[in-house]
Amino acid sequence: MALHVPKAPGFAQMMKEGARHFSGLEEAVYRNIGACKEFAKTVRTAYGPNGMNKMVINHIEKLFVTSDAGTIIRELDVEHPAAKLMVLAAQMMEQEVGDGTNFVIIFCGALLEGAEELLRMGLTPSEISEGFELALDKALEVLPSLVVDKVEDVRNEAQVMKALRTAIMSKQYGQEDFISQLIGKACISVLPEGGSFNVDNVRVCKILGSGLNNSSVVQGMVFKRQVEGDISKKTKAKIVIYTCAIDIMQTETKGTVLIKNADELKNFSRGEESMLESQIKAIADAGADVVVGGAKFGDMALHYLNKYGLMGVRLTSKWDLRRLCKAVGATALPRMTAPTKEELGYADIVCVDEVGDTDVVVFRLEGKESRVSTIVVRGATNNYMDDVERAIDDGVNTFKGVSKDGRLVAGASATEIELARQLTSYGDTRPGLEQYAVKKFAVALEGFAKILAENTGVKANELVSKLYAAHEEGQKTAGFDINAETASVCDAVTANILDLYLTKMWGMKYATNAACTILKVDQIIMAKRAGGPRPPQQGGADNDED
């Protein structure tokens, strides 16, 4: 008879062998807070215009060199459940506003750091969560009074640039004016009358060579491709788009043809050719000038395209085909049939252009407004252009935020310090234990000024005391002067450093919600992992026997 070893009494008795569980302050809460603090510490140094870059190599060994927290968290496969909650909050922030992911992670980490101190003092997690929620309500009540400007007309490039500058500055310091001008121009041209702005309507095409200042905006679409056939330019072109190959059609059912002599073979192949010619002639007769195909162009098809004066462009990506349909107003056809007038698209110029030493096909719409615009980015390395693309992505999302709510607050940590000052005095008026949590919320907010100072190489405590002194005197827009060599203060509005109201509002909401959720966890129960091959051991000594 097999020996039965009883399991230890308690929680372990219920679970399968191999399951783990942690409970209580020491095992669960402090462990979660520790993981989140470490994660926040990772992205802290990437905050602000002088933030450091991170070199991230993802699971398929692709290299990223960036200070964009959104990219860092997307490419890092975070496994710790509590840190994952912070990642989810940051991802929600990216979906909602498109910027401020770093703000959420740092603020959530700072709140949990403050909560840990309060827990060690003897407060309960529920009291701390209640205090944080009270502080958040008060901060959201105060925030509208700190609005310093508003974008009244989203079609005015100068007004829009004010809002975009700061979002770009944190990624590409020194190039913010040029990049925000490109983004403003591209976004305003595709902004529909009375409709909502769609970020997918601004595309980025990266072409190696030259410098960033040679980047430009094209009304329409740009593809890094060659044309098929001999014709390389068409003006006032009608465009037909097919998702299939431009070649002899394959029959839907298989058949067997019995050929008895050479004449029958000639007639059979001539029949295929004449059928293809009649199809391309029908396309030309329908008024089309440019044929765009989603797969290969056959040699015979190219011969007839050249014969009837049609330009051929091949796009292998179905996404590119969809966007081109949107840009030129065409309908994608699944088979090589002659298009109707409604199915044809239109572009003022379709031509082959050479940018640097790269051939590109440009579908240009000369009118003031187009459905899609493309920012052609130039740069010395692919990594640099990827970083510029991320900055453009943040700028386009900021424009979307401006089109929803154009209110702007002072940047350079001015808003955070003013909120911290008001919340500290609000904490003193609270009678219960939650006053400590409210004050820790204020300390977490003032942490942003410290991070900016540390990343710039300035004494953080000196800066915070100077900022508080300026705010006590009523200078609500006094922020950190990043260009000064010492810890000094400037007027953020005069220096044109303005943040989106939505970024601050949603950032505080998501960070506080994530922090409160993590605090309220008192047990971690981990089921036994599903079977499968054991993961390879990381590191270790090299095998000399290979």
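The largest pocket is lined by 23 residues, and Arg 203, Val 204, Cys 205, Arg 323 and Glu 389 are the ones nearest its centre. This is a predicted model, so local features need pLDDT of at least 70 and side-chain atom pairs count only at pLDDT 80 or more, while totals for chains, interfaces and linings use all residues. Residues are numbered from 1 along each chain as its sequence is written, and side-chain values use heavy atoms, with hydrogens and water left out.

**The pocket and the cavity**

First, what the words mean. On a 1 Å grid over the protein atoms alone, a cavity is a set of points where a 1.4 Å probe fits but cannot get out, whereas a pocket is an open set with protein on both sides within 12 Å along at least five of seven lines; lining residues have an atom within 4 Å of a point. Grid points are joined across faces, edges and corners, and a volume is the space filled by probe spheres set on the points. Helices (H or I, at least four residues) and strands (E, at least two) are DSSP runs, numbered from the N terminus.

The count comes to one cavity of 30 Å³ or more. Closest to the centre of the largest cavity are Tyr 47, Gly 48, Thr 166, Ser 170 and Asp 499, out of 35 lining residues. Two or more lining residues come from each of α5, α7 (157–169), α12, β18 (498–500) and α16 (501–519), and α7 gives the most, with four.

Back at the largest pocket, β5 (202–208), β6 (216–223), α11 (318–328) and α12 (382–404) each supply at least two lining residues. Here α12 gives the most, with six residues.

In the table, Ala, Val, Leu, Ile, Met, Phe, Trp, Tyr, Cys and Pro count as nonpolar, Asp, Glu, Lys and Arg as charged, and the others, Gly among them, as polar.

| Space | Volume | Lining residues by class |
|---|---|---|
| Largest pocket | about 490 Å³ | 10 nonpolar, four polar, nine charged |
| Largest cavity | about 590 Å³ | 15 nonpolar, 12 polar, eight charged |

**Helix α5**

Helix α5 covers residues 101–121, 21 residues in total, and its first and last C-alphas are 31 Å apart, close to the 30 Å expected at 1.5 Å a residue. That expected span is 1.5 Å times one less than the number of residues. Of the 21 residues, 16 are buried, so α5 is largely enclosed by the rest of the structure. Buried means under 20% relative accessible area, exposed over 50%, and partly exposed in between (1.4 Å probe, protein chains only). Just after α5 comes Gly 122, with a positive phi of about 120°.

Most residues other than glycine have a negative phi. Glu 61 isn't a glycine, yet its phi is positive at about 60°. Glu 61 sits in the loop between β2 (54–57) and β3 (63–66), and is exposed, with a relative accessible area of 68%. Ser 413 also has a positive phi, near 70°. Ser 413 is in the loop between β15 (407–410) and α13 (414–429), but is buried, at 4% relative accessible area.

**Cysteines**
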